[in-house]
Amino acid sequence: MTAHDRHTDIKIPSPHLTRLLAAVTCNEDFRTLAKGSKLFFRRGAEPLCHFVRKGSLLLARNEDAFSLGILSAPLALGFTVPLSEHLHLRTMTESEIATLPYEQVMALVEEKQVWDLLAKHVMFVTNKLFIYNEMLTAPTSFDILRYQLLMLIQETDEIRASTAAYQYILDRTRLSRSSIMKMLAELKKGNYIQLENGKLIAIHHLPNRF
């Protein structure tokens with residue numbers, strides 16, 4: 001599998017989500033949240049799970065708001081409690097989300113006997129986290145920027161139209177603003193990418209080296 005294939009896979013939803021959502025949620029659990037709503041994985045001492053059937057959300061760290069990526073429905077989040085409590089979600093579009101106590105979800109998993117389904121889903125998500133870590137720890141600054149451009153072009157039209165390419169990369173990496181702007185300018189000049197008003201319109205071909 002090529003690097004491009006691996007980083008395309010990170011946007012593919014878990015194949016186990018439809019059955020998992022059907023097992024642990026019902027229609028009455030979902031509410032519609034406006035763009036910009038923030039959700040945490042803990043309410044007081046109670047851990048929470050979030051199930052998303054419509055919309056896109058930004059996943060970020062609590063301590064510094066560092067963006068870990070944009071996730072799109074369907075989603076089931078909050079099963080890795082020690083990790084999740086250090087993160088939060090912010091809706092990028094109007095979204096339909098069910099928020100349930102972790103213990104209630106685990107009780108439903110036991111009642112419906114869908115432990116195997118949950119295990120497969122968690123393994124799928126863990127693999128995505130491994131790929132994402134690979135993106136953030138790539139050997140060169142250009143490799144990191146290249147991976148982020150491949151992610152950005154897969155975002156929805158609404159997100160790409162409202163997010164400058166340099167800001168998208170700046171929010172998700174430790175690259176400096178000046179280095180991002182320089183590399184984007186050179187890629188645009190070489191007709192590797194198409195930018196309009198700073199927004200990524202198309203990727204024609206990304207070189208392996210800068």
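Close-up 1. R42 comes out as partly exposed at 32% relative accessibility (buried is under 20% relative accessible area, exposed over 50%, partly exposed in between, using a 1.4 Å probe and protein chains only). E85 is partly exposed too, with a relative accessible area of 32%. These two form a salt bridge, with the closest N and O atoms 2.6 Å apart (that is, a side-chain nitrogen of Lys or Arg within 4 Å of a carboxyl oxygen of Asp or Glu). R42 sits in strand β3 (residues 42-43) and E85 in the loop between α3 (81-84) and β8 (87-91), so the pair ties together parts that are 43 residues apart in sequence. Helices (H or I, at least four residues) and strands (E, at least two) are DSSP runs, numbered from the N terminus.

Keep in mind that this is a predicted model: local features need pLDDT of at least 70, side-chain atom pairs count only at pLDDT 80 or more, and totals for chains, interfaces and linings use all residues. Residues are numbered from 1 along each chain as its sequence is written, and side-chain values use heavy atoms, leaving out hydrogens and water.

**Close-up 2. E46 with R43.** Here a salt bridge links E46 to R43, and the closest N and O atoms are 3.2 Å apart. R43 is partly exposed at 48% relative accessibility, and E46 is partly exposed at 33%.

**Close-up 3. R61, D64 and R174.** The D64 and R61 side chains meet in a salt bridge at 2.7 Å, N to O. Salt bridges with shared partners join R61, D64 and R174 into one network. D64 has a relative accessible area of 36%, while R61 has 24%, and both count as partly exposed. Overall, the structure holds 6 salt bridges.
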